[in-house]
Amino acid sequence: MSFSLNEVEAQAKKATRGAGYSWGMAEEAGRATAWLCAQGRDGVAVLAAVLDAASDADHCPLAQGTRLCDRAKIAPSQNRVLHRVFQPFLLLPFVGFASRQIGQPLSITWEGGSAVTDGAALCILGRDPDAQAHLAIAIHAGTFTAGTKFTRATPDSSAWDMLSHFAHRTYAPATEESRRLGAGDSQSNAL
């Protein structure tokens, strides 16, 4: 199935909140997931893996990514090394957001591959990072060729279902009073 990037962002946000993250972190996860999908990557599958595993903050790409963005302007020329980041692809959008903050492209490298982003575009070279990887982030000197941008996402259906499962936890339960007032009544919502 195909979804707009707005639908992906909204679903990712609800799913992250349903997995127990704060609303602020959920908003960041929604933006990051949609950003990955805009770059042609299955951000939904990456986020689903993160939410399903519930990694600790030291290895969680959401926690690491928001920390990176919070500190981007403090020491923009300082190289950063992150150890054993789980699902490191989810860190790429945050590297992009940090790149926009400092106004310079950033590179991120891992064993066997690398990526460069200016916040709008992404170029990945070599192999994808392992499910858990050591990463080095630095200012990128030079140019890079960006990949194709996408306006819709076609995520793996099982990953979308997992996000739906987590998102369902944010819904208010049905009550007799809500039913009496017409909530969920398929007849009153019919066209």
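User: In which strand does His134 lie?

Analyst: His134 belongs to strand S6, which spans residues 132–139; helices (H or I, at least four residues) and strands (E, at least two) are DSSP runs numbered from the N terminus. This is a predicted model, in which local features need pLDDT of at least 70 and side-chain atom pairs count only at pLDDT 80 or more, whereas totals for chains, interfaces and linings use all residues. Residues are numbered from 1 along each chain as its sequence is written, and side-chain values use heavy atoms, with hydrogens and water left out.

User: Why is His134 called partly exposed?

Analyst: Its relative accessibility is 47%, and the class is set by cut-offs: buried is under 20% relative accessible area, exposed is over 50%, and partly exposed is what falls in between, with a 1.4 Å probe and protein chains only. The value of 47% therefore places His134 in the partly exposed class.

User: What does His134 touch, leaving aside its neighbours within four places in sequence?

Analyst: With contact taken as heavy atoms within 4.5 Å, His134 meets Leu82, His83, Arg84, Thr109 and Trp110. The C-alpha atoms of His134 and Val85 are separated by 6.4 Å, although the two residues are 49 apart along the chain.

User: What makes Gly113 buried or exposed?

Analyst: Gly113, which lies in strand S4 (residues 113–117), has a relative accessible area of 14%, and for that reason it counts as buried. Not counting residues up to four places away in sequence, Gly113 touches Leu125, Gly126 and Arg127; Arg127 is 14 residues away in sequence, with 5.1 Å from C-alpha to C-alpha.

User: How do you know whether Ser4 is buried or exposed?

Analyst: Ser4, placed in strand S1 (residues 3–4), has a relative accessible area of 19%, and so it is buried. Setting aside neighbours within four places in sequence, Ser4 is in contact with Thr151 and Arg152.

User: How many aromatic pairs does the structure hold, and what makes Trp35 and Phe97 one of the kind called edge-to-face?

Analyst: The structure holds three aromatic pairs. Rings of Phe, Tyr and Trp (its six-membered ring) pair if their centres lie within 6.5 Å, and planes under 30 degrees apart count as stacked, over 60 as edge-to-face and the rest as tilted. For Trp35 and Phe97 the centres are 6.5 Å apart and the planes stand at 75°, so this pair is edge-to-face. The pair links distant parts of the chain, since Trp35 sits in helix H2 (residues 23–38) and Phe97 in helix H5 (residues 92–102), 62 residues apart. Both Trp35 and Phe97 are buried.

User: Why is the pair of Phe94 and Phe97 put in the class it has?

Analyst: The ring centres of Phe94 and Phe97 are 5.7 Å apart and the planes are at 80°, so this pair too is edge-to-face. Phe94 and Phe97 are three residues apart in helix H5, and are therefore separated by about one helical turn. In general, an α-helix has 3.6 residues a turn, so residues three or four places apart point the same way. Phe94 and Phe97 are both buried, and together with Trp35 they form one aromatic cluster.

User: How do you know what sits over the ring of Phe97?

Analyst: A charge sits over a ring if NZ of Lys or CZ of Arg is within 6 Å of the ring centre and within 35 degrees of the ring normal. The charged end of Arg31 sits over the ring of Phe97, 4.0 Å from its centre.

User: What makes H2 roughly perpendicular or roughly parallel to H5?

Analyst: The axes, which are lines fitted to C-alpha atoms over the stretch in contact, with angles from 0 to 180 degrees between N-to-C directions, come within 8 Å for H2 and H5 and cross at roughly 95°. Angles under 35 degrees count as roughly parallel, over 145 as roughly antiparallel, 65 to 115 as roughly perpendicular and the rest as oblique, and H2 is therefore roughly perpendicular to H5. The contact is made by Glu28, Arg31, Ala32, Trp35 and Leu36 of H2 and by Leu92, Pro93, Phe94, Phe97 and Arg100 of H5.

User: How do the residues of the contact of H2 with H5 divide?

Analyst: Ala, Val, Leu, Ile, Met, Phe, Trp, Tyr, Cys and Pro count as nonpolar, Asp, Glu, Lys and Arg as charged, and the others, Gly among them, as polar. On that basis the contact of H2 with H5 has seven nonpolar, no polar and three charged residues.
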